[in-house]
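Welcome! Here is a short briefing to read alongside the sequence and the 3D view.

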Amino acid sequence: MTGKTENARGANGEAKSGWRQSMAWIHTWLGLLAGWILFAMFLTGTASYFRPEITRWMQPEVDIAPVSAVHAAMTAVAHMQKIAPQDEQWTIFLPDDRTTTTRIFTRARPDPDPKAAKPPRRPEIRVDPATGDPVAARETKGGEHFYRFHFQLQIPHPWGRWLAGLAAIFMLAAIISGVITHKRIFVDFFTLRWGKGQRSWLDAHNVSAVIALPFHAMITYTGLITLVAMYMPWPVAANYQKPATFADAIYGVQDDGKYLGRRAPLTPIGPLIERVSHEWHGGRPATVIVRNPNDAGATIQIARSNADTLNARGQTILFSGSSGRRIAASQPPGVAIETAGVMLGLHMGNFAGPLLRWTYVLLGMTGTAMVGTGLLLWTAKRRREDVKPFFGFALVERLNIGTVACLPAGMAAFLLANRLLPADLAGRADIEVAAMYWTWFGLALLSLALPVRRAWIAMLGLSAASFLAIPIVNMITTDRGFFASIARGDLLFASFDMVMLSMAVLLGFGAWRAAQPPKQAKRVRKPRAAKPPIQMPVRELTDAA
Amino acid sequence: MPLETACLAFAGLSQVARSSARFQHKGSPFWSRGGGATRYSGIALLILSFAVAMWRFGPIKGPVAWTGLLSLSGVVLLLLLSSRPRLALGLTPLALTFALLLCAL
Amino acid sequence: MARTAAKKRSGAARMTVRSVTALIGGYAAAAGVATLAARLLPLDRAEATAWGMILSFLIYALFGLWAFHERRLLMIAPVIWGAAVLSIATAFALGVRP
């Protein structure tokens, strides 16, 4: 706990403010406390950039041809009219070139009796856009699972999001303190020395952090902004009697539609979609929100796709649901709201084409490496071969293994379970999710039985093996194996297998490195009383750990 | 795929790296007379890669794309530099040619 | 022996106060400042609200980091908790924007 701010004097006697020391200290603590959660958030968040692709991979039976937005909207509405015509709200996500199915979320009308139990949350409905029938494929959460975990951590609402938010603010503070404390941030830009133990870990941590610093800073801050309505609602309360008014200001149009209790058939959706595309000069509609369908007070709000713009909150147009009359369109947002929308868009990355999406993924992995190397650096610095480790050290080391080496295996288990469970098994979606947690925590617990070095090798090795198994199991259990996909020109399935293989190679490399005998550093043991004859100016980086 | 931005960024970063003190000392195989010229050529290439990004991705997505691709090229360069420095620094002309070809396509 | 044990306890107590001030006080101060800014900025209502919300995280991080830089607890605690109490009280007193 030392190394804080006794007024330190520099080499030439000038007074140093001590910012470097204090920021080094807090940076270490912030990184340590939040590191394991952040590692998991970075890894699952990175995977989430391929959310629809993972879902498609996990439903290999599905082979859907694209249809027009008009057709998709019509079939979706027809389906909802069949199964839930009296619901309070249908939220329809029209398919695009990455998500081939129409996704529908629906909210049941709450019981007017205030004492009645709230209706349970309805699961996502996936519909074939061509026919409107539910997608006939194995039930799975797909890429949604990693996405939800990323910001909810599988902890009940609202605690999961709060915990993720806490980790994120720790990350923000860690970035700021990391930059302040890093003395020669530009000179060391390209320094990465292998095989030098603690030095190497520090290099790797510095470099992975600095080289992608704009990305890391952006992702962290914009991540907080994605849930700002939950984390910082107070300014809204100070400016608005009814918070809902602010929501309208952000999301576009004031929707005054109310449930009137009078039945009125819902206006056909097709012409509305056409009008909207026309008004947006060819812009694609992405979301259709129908409030109080089949009621005289029904409204339909259509939101524009954000795939071609940075601002994630696209324009919206509001129609009357009973008459089809155009009520209003969203106004161009002010600077602040546009900024928030762009921040959201930058985090989600929906605007990114294939190249930029891969860039996001690779930079996300760099971020994961930044967090991981930080955690490993902490133990590398404090490891003493001759002394039994203190409890905190042992704890950190075991948590490191449990997270860095075992979480990948868990994620692979989720994908493997998808292929190994029978396609018609009831409740298989939840079993797949359970597979991830049982594998992750099970391996973490198992690793406690092994000595540290062997635990690293074993767990990294198992993770590598589990990723290697995915293409193999895929080939055995489906007809969309690697070679078949290449022959068919199926880029998604083929590249998915390639990515799994790359993960296996990466983790295998890690296991191999962990198995290398540790380099015996040549240390000249000086007797304690001796002092170096000349006070050499310290050329080292400020030790941030 | 509009990779020219990344290639130019790689080339630019590689030149800047080459001009750094780490590689510019007597006895280094990368020693070049015009140390300043190397650095400036690197910076020029980075500016060029920004312009290309604006051209390829448009004025709004351009800066975002450039920042991301610049960082990514940095990671690639760095990994190469740490294990095969000669290869890493020697790839500059190849990266430039590739970029030129992609621009032309 | 007793003196070092006592010193350890007081050190732990100081660290606790510092941490709570940074974590909770910092949040309160950031929320208060952001709310007050949103309430008072002479901008369109939605714009001011949005700016307050956007900047709040930066304010929180800066308060929090400063709490671990400044050595004197007697400086940190009054400033951070004071900022929190003052800004929140003022915001309450002003009431919702008319």
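Predicted model: local features only at pLDDT ≥ 70, side-chain atom pairs only at ≥ 80, totals over all residues.

Residues are numbered from 1 along each chain as its sequence is written, while chains are lettered from A and ligands numbered from 1 in the order in which they are written.

**Chain C**

- Chain C has three helices and zero strands (helices are DSSP runs of H or I with at least four residues, strands are runs of E with at least two, and both are numbered from the N terminus).
- Its radius of gyration, taken over C-alpha atoms, is 17 Å, well over the 13 Å that the globule rule (2.2 Å times the number of residues to the power 0.38) gives for 98 residues, so chain C is more spread out than a compact globule.
- Along the principal axes, the C-alpha atoms of chain C fill a box of roughly 65 × 25 × 15 Å.
- Of the 98 residues in chain C, 42% count as buried, where buried means that 20 or more other C-beta atoms, placed from the backbone, lie within 10 Å of a residue's own.

**A helix in chain A**

- Helix α4 of chain A spans residues 144-152, and A:His145, A:Phe146, A:Phe149 and A:His150 are buried in it.
- Seen down the axis of α4(A), these buried residues fall within an arc of 135 degrees (the arc of the directions from the helix axis to the C-beta atoms), so they line one face of the helix.
- They pack against α1 (19-48), α2 (51-57), α15 (407-420) and α16 (428-447) of chain A.
- After α4(A) comes A:Leu153, with a positive phi near 55 degrees.

**A hairpin in chain A**

- Strands β6 (residues 316-320) and β7 (residues 326-329) of chain A pair in the antiparallel sense over three bridges; to pair, two strands need at least two bridges found by DSSP.
- A:Leu318 has A:Ala328 in β7(A) as its bridge partner.
- Five residues lie between β6(A) and β7(A) in this hairpin, and A:Gly324 in the turn has a positive phi of about 80 degrees.

**Where chains touch**

- Among the two pairs of chains that touch, chains A and C have the most contacts (two residues are in contact if their C-beta atoms, placed from the backbone, lie within 7 Å).
- No contact joins chain B and chain C, and their closest C-alpha atoms lie 20 Å apart.

Terms used: Buried ≥ 20, exposed ≤ 12 C-beta atoms within 10 Å, placed from the backbone.
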